[in-house]
Amino acid sequence: MSSSDRPDTLQASPYEQLVQAVVDYAIYMLDPQGHIVSWNAGAQRIKGWRAEEVIGKHFSLFFTDQDRIEGRPAMLLERALRTGVAQDEGWRVRKDGTRFWALAALDVIRSPDGEIIGLAKITRDITDRLEAAQQLDAMRAQLFQAQKLDALGQLTGGMAHDFNNLLTIIIGSAKLALGSQDSLRVHRLLEHIVDAGERGAQMTQQLLSFARHKVLKSGRVQLLALIESSRLLLAHALPKGVELQVQLGEGLQDVIVDGGQLQMVLVNLILNARDALEGEGVICLQACNCQLAGEVEDLHGAFVRLDVSDDGRGIAPSVLPRIFEPFFTTKAFGKGTGLGLSQVYGFIKQSNGAVTVASVQGEGTRMTLYLPVFEANTAASN
Ligand SMILES: Nc1ncnc2c1ncn2[C@@H]1O[C@H](COP(=O)(O)OP(=O)(O)OP(=O)(O)O)[C@@H](O)[C@H]1O
Ligand SMILES: [Mg+2]
């Protein structure tokens, strides 16, 4: 382009030349009533109109019909004239009718004696930024949904596993009851069936409460009663050669956990010990009060320590770091889901306790749970 083609630019001041050269921002002037007085290259690029098409027109031309009906251009102008500046973000319309998301500022320009002579209008097309933000929001929502589904899937899988345990108890008790002539024994077995059935119903309740975002209910749990009912429930799930010993410390304190889940945890741990024994050996369930001062996962205060130990085959050092992973199992296909210990882990995290494991291959395994003690002031604050 020769210099003779651009007489206006040549005569323009350096500031005008600068404004004209900007293509990323629409920079133009309005008179105090909102009519367009000047127009730069950026305005043409962003909005599509040439200077001769818009100069003299009212700047409400760039707004959507809806914004015009709601009086948005007039409101912006009024605010700028009153306070000296007005900023806005919203949809604007190009000459071809397409829309872009605009970030706009309107600044009052005064003469040296303070009189308002017009307004400077600077507009940026930030559609890309808006789209990026919307994409980010959509991704966040997807991630949240995926995490929730994942957790729900794990929980459902865990429940299927626990349901299986309950059905084992129900079927086992029913079979024993069918073969028994002792009415007292039949009565006790029927009680087991009712108990297991009720816990099955409780489990679906837990799943529903998770799906509805509710936290499971922690409360005061008497370990003595819970251990006794677990022992009874497990009695017929253990083969003849396996002995379950229970050793309870003096004055065992109550704990604050979800009782139904704790029972499931005990069942999971004892069934794992049973599998490790391969038909023969001793499982020991011990419970005692203890004080922690940071030695276990930085826990402090009063806890009840629960140990489930066996003299079974033990866990290989290469396997040990993985045992709490969901779906990790060394058992044959169809024998284990690999969800038992992940349920234990989830429960213990939710209960603000800890779980540790010690195992020597060929000698046995000890799983230790630390459960927070119920204290009257803890209950008050919950
Ligand atoms: N007491 C134990 N002795 C030896 N190995 C154990 C013991 N407890 C757990 N494991 C190992 O940890 C793995 C994971 O245990 P987890 O309870 O999560 O799943 P699983 O027992 O394999 O399957 P499921 O619990 O669904 O029947 C087991 O497959 C086993 O290899
Ligand atoms: Mg298991």
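A polar contact is a pair of N or O atoms within 3.5 Å. By that cut-off, lysine 331 makes such a contact with ligand 1, because one of its polar side-chain atoms lies 2.5 Å from an oxygen atom of the ligand. The model is predicted. Ligand 1 sits in the largest pocket, and the protein buries 94% of the 600 Å² that the ligand exposes when taken alone.

**Polar contacts of ligand 1**
- In threonine 330, a polar side-chain atom is 2.4 Å from an oxygen atom of ligand 1.
- The side chain of threonine 329 has an N or O atom 2.6 Å from an oxygen atom of the ligand.

**Shell around ligand 1**
- The ligand is surrounded by 19 residues.
- The closest of these are Thr329, Thr330, Lys331, Thr337 and Leu341.
- Sorted by class, the shell holds 10 polar, seven nonpolar and two charged residues.
- Helices α10 (259–277) and α11 (340–350) each supply at least two shell residues.
- The largest share, three residues, comes from α10.

**Salt bridges**
- The count for the model is 17 salt bridges.
- One of them pairs glutamate 53 with lysine 95, whose closest N and O atoms are 2.8 Å apart.
- This pair links distant parts of the chain, the two residues being 42 residues apart.
- Glutamate 53 belongs to helix α4 (residues 51–54), whereas lysine 95 is in the loop between β2 (85–93) and β3 (99–110).

Definitions and conventions:
Residues numbered from 1 in each chain as written. Chains lettered and ligands numbered in written order. Predicted model: local features only at pLDDT ≥ 70, side-chain atom pairs only at ≥ 80, totals over all residues. Heavy atoms only, no water. Near = heavy atom within 4 Å. Polar contact = N/O pair within 3.5 Å; in protein donor to acceptor, adjacent residues only side chain to side chain. Areas by Shrake-Rupley, 256 points an atom, 1.4 Å probe, with all protein chains shown as cover. 1 Å grid on protein atoms, 1.4 Å probe; cavity = no way out; pocket = protein on both sides within 12 Å on 5 of 7 lines; lining within 4 Å. Sits in = over half its atoms within 2 Å of the grid points. Helix = DSSP H or I, 4+ residues; strand = E, 2+ residues; numbered from the N terminus. Nonpolar A, V, L, I, M, F, W, Y, C, P; charged D, E, K, R; others polar. Salt bridge = Lys/Arg side-chain N within 4 Å of Asp/Glu carboxyl O.
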